[in-house]
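Here is a short tour of a protein chain, written to be read with the structure open beside you. Take a moment to turn the model around before reading on.

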Amino acid sequence: MQEHTGGTGMSEYESSRTMPALPEHVFDQVDDVERLGRWLPGDLHLAPAGPSSVTVHEDRTGADQRARFRVDRDRLRLEWGTRDSDHYAGWLQVTDEGSGSSRVTIRLTFFDEGDDPGPDAVRTALGESLERLEEQVRLRVEGTG
């Protein structure tokens, strides 16, 4: 994982993991709001709130926030971020690694240090999320194989 904090209090985190499946199969596990709870951090809960919009409930703060959620299937990319404020944004990109495998990269940006849960918490959440996503991908691949 890479991380850095800019002079403005902005923090960025990035993590990647190789998945044992074609990019389209991996993306099938991430492009549906209803499936996100299977691999997102356990303290985040999303609910559809309209076109390109979700409501995010975070257990840590107890707060609900409106967020944008954009799926770009042609580019195998998700983008998200808070809708009413500039608390955070992120993206997930699936790329072809060849030989039937893919790489998933997630980047999170916190625009204010007060919104950043801290490097250890983010590192743990990203690692666990990518691990759970890989498990979902394996289940799908083994289930259709």
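Where is the place of Leu76 in the chain? Leu76 sits in the loop between β5 (63–72) and β6 (77–82); helices (H or I, at least four residues) and strands (E, at least two) are DSSP runs, numbered from the N terminus. The model you see is predicted, so local features need pLDDT of at least 70 and side-chain atom pairs count only at pLDDT 80 or more, while totals for chains, interfaces and linings use all residues. Residues are numbered from 1 along each chain as its sequence is written, and side-chain values use heavy atoms, with hydrogens and water left out.

Most residues other than glycine have a negative phi. Leu76 is not a glycine, yet its phi is positive, at about 55°. With a relative accessible area of 13%, Leu76 is buried (buried means under 20% relative accessible area, exposed over 50%, partly exposed in between, with a 1.4 Å probe and protein chains only). Ser99 also has a positive phi, near 55°, and is found in the loop between β7 (88–98) and β8. Ser99 counts as exposed, at 84% relative accessibility.

## The overall fold

The chain has 3 helices and 8 strands, and from the N terminus on they follow the order β-β-α-α-β-β-β-β-β-β-α. Its radius of gyration is 15 Å, close to the 15 Å that the globule rule gives for 145 residues, so the chain is as compact as a globular protein of that length. That radius is taken over C-alpha atoms, and the globule rule is 2.2 Å times the number of residues to the power 0.38.

Along its principal axes, the C-alpha trace spans about 45 × 35 × 25 Å. Of the 145 residues, 39% are buried. Among contacts (heavy atoms within 4.5 Å) with a separation of 6 or more, 49% join residues 24 or more positions apart.

## The nonpolar core

The largest nonpolar core holds 29 residues, and Trp39, Trp80, Leu92, Val104 and Ile106 touch the most other members. Such a core is a set of buried Ala, Val, Leu, Ile, Met, Phe, Trp, Tyr and Cys residues joined through side-chain atoms within 4.5 Å. Helix α3 (residues 119–144) gives the most to this core, with 5 residues.

Let's look around Trp80. Leaving aside neighbours within four places in sequence, its contacts include Phe69, Tyr88, Trp91, Leu92 and Ile106.

## Rings and charges

Which residues form an aromatic pair? Tyr13 and Phe110 do, in an edge-to-face arrangement with 6.1 Å centre to centre and 75° between the planes. Rings of Phe, Tyr and Trp (its six-membered ring) pair if their centres lie within 6.5 Å; planes under 30 degrees apart count as stacked, over 60 as edge-to-face and the rest as tilted. Tyr13 lies in strand β2 (residues 11–19) and Phe110 in strand β8 (residues 101–110), so the pair ties together parts that are 97 residues apart in sequence. Tyr13 is buried at 2% relative accessibility, and Phe110 is buried at 9%.

Arg77 lies over the face of Trp91, at 4.5 Å from the ring centre. A charge sits over a ring if NZ of Lys or CZ of Arg is within 6 Å of the ring centre and within 35 degrees of the ring normal.
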